[in-house]
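Hi everyone, thanks for making time this morning. Let me put it on the screen.

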Amino acid sequence: MSFLEISGLYVDVGGFELSGIGVKAEKGDYLALIGPTGSGKSLLLETIIGFYTPEKGRIILEGRDITDLPPDMRQISIVYQDHMLFPHMDVFENIAYALRKKLRDKKQIEAEVKQIAGVLGIDELLYRKPGTLSGGEKQRAALARSLVVRPKLLLLDEPFSALDARTKERLREMLKKAIIGYSTTVLHVTHDFEDVWALANHVVVIRKGEVMQAGDPESVFRRPSPDFVAEFLGTNMLKGKVKALEGKLTVVETESLEIYSSDPAVPGEEVAVSIRPEEIILARGAVESSARNILKGKVSGIFKKEHTVMAEVQIGDAEIKAVVTPTSCEMLDLQQGKEIYAVFKASNTRIIR
Ligand SMILES: Nc1ncnc2c1ncn2[C@@H]1O[C@H](COP(=O)(O)OP(=O)(O)OP(=O)(O)O)[C@@H](O)[C@H]1O
Ligand SMILES: [Mg+2]
């Protein structure tokens, strides 16, 4: 039996339901829960913590069935996007609040608060009121308050989404240290795939209240189930047929392209080749490169995000998405209709059957 076992969970909130959710985690696992807006991620967390009662299904935590326990008996903590600190208490009191129900010894309470404050780098802020803190500091205080009671399970509902990229990065590092130190098991809802890569050893993709795919990030992102998960994760999927083997490489022929992959396959097989958008380099010419795939196409779309640019390139009958930095977008002078080469290694592609 796993440390956390959620099985066959049905929750109906009128107009929306979680239908038959199953999630497993071992002690110390870091699960990322991703899915489109309105897919039931927050509802799942709130059911796990006990704010909703499932019609069917069980939640087992460390061998104990907690499905019918009140929230405060479950030894589960939650941190939201909005810190929800008590405004009239200083940071110390906020962190100590739940601990006082568990411990009587003042010295011990103080030691525990100071320990977690040290790990999360807020020891200098303990006697300030939440209103005087920055967004990142408030979230660290909220994390400290949740971790200080040493929960069996820590639930995070987009705790970093209101923070800037630099602050997010620092907080991820601190969170990582803290959860290792407190040997916590985490279920983290996020829209930011960076969180998945930086923190999680397991990822669960949900859609309309159902689990679509689960596994380690590498396999889910590189071998997404076709259609929804691939589309949602932005993984390029090129469908074709294995044409031939050339040495150690497999040549896959799509309607108008030939793609080289280092994955083995048998000629004649119908397959899809996946390639992550971060692993495609865009170049103005057919550059000298060790990458086997150098495909000529035309820019068909440019989408500027906070720190990256997503470029769509029409190559033959396929549209390939590539992520570039704003600097290289400028240097390449990417514009709709412009001729461009997409370059990627055979070793970065996966053949999916
Ligand atoms: N108490 C409730 N009563 C009725 N409908 C609800 C309730 N809670 C959630 N819902 C509905 O259930 C669906 C899933 O909501 P949920 O908040 O879990 O989505 P989410 O995946 O967390 O989305 P987001 O990424 O935007 O936070 C939504 O359509 C929401 O309106
Ligand atoms: Mg939500």
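Let's begin with Lys41, where a polar side-chain atom sits 2.7 Å from an oxygen atom of ligand 1. Before I go on, please keep in mind that this is a predicted model.

The backbone takes part here too. Leu43 has a backbone N or O atom 2.9 Å from an oxygen atom of ligand 1, and for Ser39 the corresponding distance, again from a backbone N or O atom to a ligand oxygen, is 3.1 Å. How much of ligand 1 does the protein bury? Taken alone, the ligand exposes 640 Å², and the protein buries 62% of that.

And which residues come nearest to ligand 1? There are 13 residues around it, and the nearest are Thr37, Gly38, Lys41, Ser42 and His191.

Now to the charges. I count 21 salt bridges in the model. One I'd like to show you joins the side chains of Asp192 and Lys168, at 3.4 Å from N to O. Asp192 is in the loop between strand S8 (185-189) and helix H6 (193-199), while Lys168 belongs to helix H5 (residues 165-181), so this pair ties together parts that are 24 residues apart in sequence.

Last stop, the surface. Here Asp12, Glu17, Glu55 and Glu210 gather in a patch of negative charge. If you want to find Glu55 on the screen, look in the loop between helix H1 (41-49) and strand S4 (56-61).

That's my tour, and I'm happy to take questions.

Technical notes
Residues are numbered from 1 along each chain as its sequence is written. Chains are lettered from A and ligands numbered from 1 in the order in which they are written. This is a predicted model: local features need pLDDT of at least 70, side-chain atom pairs count only at pLDDT 80 or more; totals for chains, interfaces and linings use all residues. Side-chain values use heavy atoms; hydrogens and water are left out. Patches are made of residues with over 30% relative accessible area and no salt bridge: like charges are joined within 9 Å, nonpolar side chains (Val, Leu, Ile, Met, Phe, Trp, Tyr) within 5 Å. Accessible areas come from the Shrake-Rupley method with a 1.4 Å probe; for residues, only the protein chains shown count as cover. A salt bridge is a side-chain nitrogen of Lys or Arg within 4 Å of a carboxyl oxygen of Asp or Glu. Lys and Arg count as positive and Asp and Glu as negative; His and the chain ends are not counted. The place of a charge is taken as NZ of Lys, CZ of Arg, CG of Asp or CD of Glu. Helices (H or I, at least four residues) and strands (E, at least two) are DSSP runs, numbered from the N terminus. A residue is near a molecule or strand if one of its heavy atoms lies within 4 Å of it. A polar contact is a pair of N or O atoms within 3.5 Å; within protein, one must be able to donate a hydrogen and the other to accept it, and residues adjacent in sequence count only if both atoms are side-chain atoms.
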